[in-house]
Amino acid sequence: MELLRKLALFILILVFIFGLGFIAFEKSQPQVRNYIAATIAKPCRTSLKYAIGPVDPRFNISPEKLRDILGTAEKLWEKNSGLNLFEYDPQAELKVLLVYDERQQQTLEAGQLETSLKNLDVQKTSLEKQQSTLSKEYEGKLSLFKLAVKKYEDRLKKYNKEVSRWNSQGGTSEDEYNKLRKEEKALKEEFRELEKKEVELNDIAKKSDTIITQENNIIANYNNAVNTYKSKFGSSQEFEKGIFDAGAGIIIYQFKEISDLELTLIHELGHAIGIGHVENSKSIMYYMIGEQNLDVMTFTREDLGALGLVCQLN
């Protein structure tokens, strides 16, 4: 009987121990599942919200237009990632701002200088056409003038020979005399026409010289303007056009045209989701502006690789 009581007590102890173990395991299971769910969450799966901040009116662009350009910029990232990376929210903490300073002032000066260069080029082209037209006209009239002079000289020579012949004979008949007088009158008229043509040729030559002087002055001004442009604005620029700062937002300091602004926004949106600079000079995420295609903005292999790495797309 004593043995049975001990056996029963032993069974109760075993049941109690295994029961505790089962209860402890059941309680710990949800914690394990929650931990696994947290570790498999990938980046870039929550849209980065942004809003439009202050836009300096000296940029001549409205907040609405800036939002449209941002929409185009974000689509390039989203198209290549297949993710809804960005979302416009007027209440978002991340602001996109346009801040006017000396950088945009220099950009405007560069634009004015480029306009001046274009105007000088138009003037130079116009003068070159005028000069070409005058040159052809001068050459054509000079050729005809030379032929007319030769014809006059031959005719004058013949006349003088005839006069000398009659003089050597002591005189001529009245008919021959009248013929010589008539020829003399014709020669004088022909000479006057030659003088008019000579004046006309000289006028063309003077106009040509004036145009050449103007053209040389324009070329000098053009070359000076080109040298000034190259010294001030000709080199590639680091991405100081804009910055991304987690505390301040996306700040744009300068752009020359809409495509230029779009490129800068695409670049800074890349920084906003954690993408750094890449090494290909044609890449949008290259640290310097210069060789990117502003007409058709696409990602290079390096851009796509950085996107895939940060957002774990593979």
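A residue counts as buried when its relative accessible area is under 20%. In this predicted model, His267 has a relative accessible area of 0% and is therefore buried. His267 belongs to helix H5, which spans residues 258-272. The side chain of His267 makes a polar contact of 3.2 Å with the side chain of His277.

Ser81, in helix H2, has a relative accessibility of 12% and so is also counted as buried. The side chain of Ser81 comes to 2.9 Å from the backbone oxygen of Trp77. When neighbours within four places in sequence are left aside, Ser81 contacts Leu307 and Leu313. Leu307 is one of the buried residues of helix H6 (residues 301-311), together with Asp303, Ala306, Gly308 and Cys311. The buried residues of H6 pack against helix H2, which covers residues 63-81. After H6 comes Gln312, with a positive phi near 50°.

Strand S6 (residues 249-252) is paired with two strands, S3 and S5. Strand S3 (residues 94-98) runs parallel to S6, and 3 bridges join them; Leu98 has Ile252 of S6 as its bridge partner. Strand S5 (residues 242-245) runs antiparallel to S6, with 4 bridges between them, and Asp245 is bridged to Gly249 of S6.

Leu94 is located in strand S3. The relative accessible area of Leu94 is 12%, and the residue is therefore buried. With neighbours within four places in sequence left aside, the contacts of Leu94 are Leu48, Lys49, Tyr50, Ala51, Phe244, Gly249 and Ile250. Among these, Phe244 falls within the residue range of S5, while Gly249 and Ile250 fall within that of S6. The C-alpha atoms of Leu94 and Gly247 are separated by 8.0 Å, although the two residues are 153 residues apart along the chain.

Aromatic rings form 6 pairs in the model. In the pair of Phe59 and Tyr100, the ring centres are 5.6 Å apart and the planes lie at 75°, so the arrangement is edge-to-face. Phe59 is in the loop between strand S1 (48-55) and H2, and Tyr100 is in the loop between S3 and helix H3 (102-168), so this pair ties together parts that are 41 residues apart in sequence. Phe59 and Tyr100 are both buried. A second pair is formed by Trp77 and Phe299, whose ring centres are 4.4 Å apart and whose planes are at 45°, so the pair is tilted. This pair links distant parts of the chain, with Trp77 in helix H2 and Phe299 in the loop between strand S7 (288-289) and H6, 222 residues apart. Trp77 and Phe299 are likewise both buried. Phe59 and Tyr100 also belong to a cluster that ring pairs form with Phe255.

Two arginine residues lie over aromatic faces. Arg103 is positioned over the face of Tyr253, at 3.7 Å from the ring centre. Arg165 is positioned over the face of Trp166, at 4.6 Å from the ring centre.

How values were computed: Residues numbered from 1 in each chain as written. Predicted model: local features only at pLDDT ≥ 70, side-chain atom pairs only at ≥ 80, totals over all residues. Heavy atoms only, no water. Buried < 20%, exposed > 50% of the residue type's maximum accessible area, 1.4 Å probe, protein only. Polar contact = N/O pair within 3.5 Å; in protein donor to acceptor, adjacent residues only side chain to side chain. Contact = heavy atoms within 4.5 Å. Pairing = 2+ DSSP bridges. Phe/Tyr/Trp six-rings, centres within 6.5 Å; stacked < 30°, edge-to-face > 60°. Lys NZ or Arg CZ within 6 Å of the ring centre and 35° of its normal.
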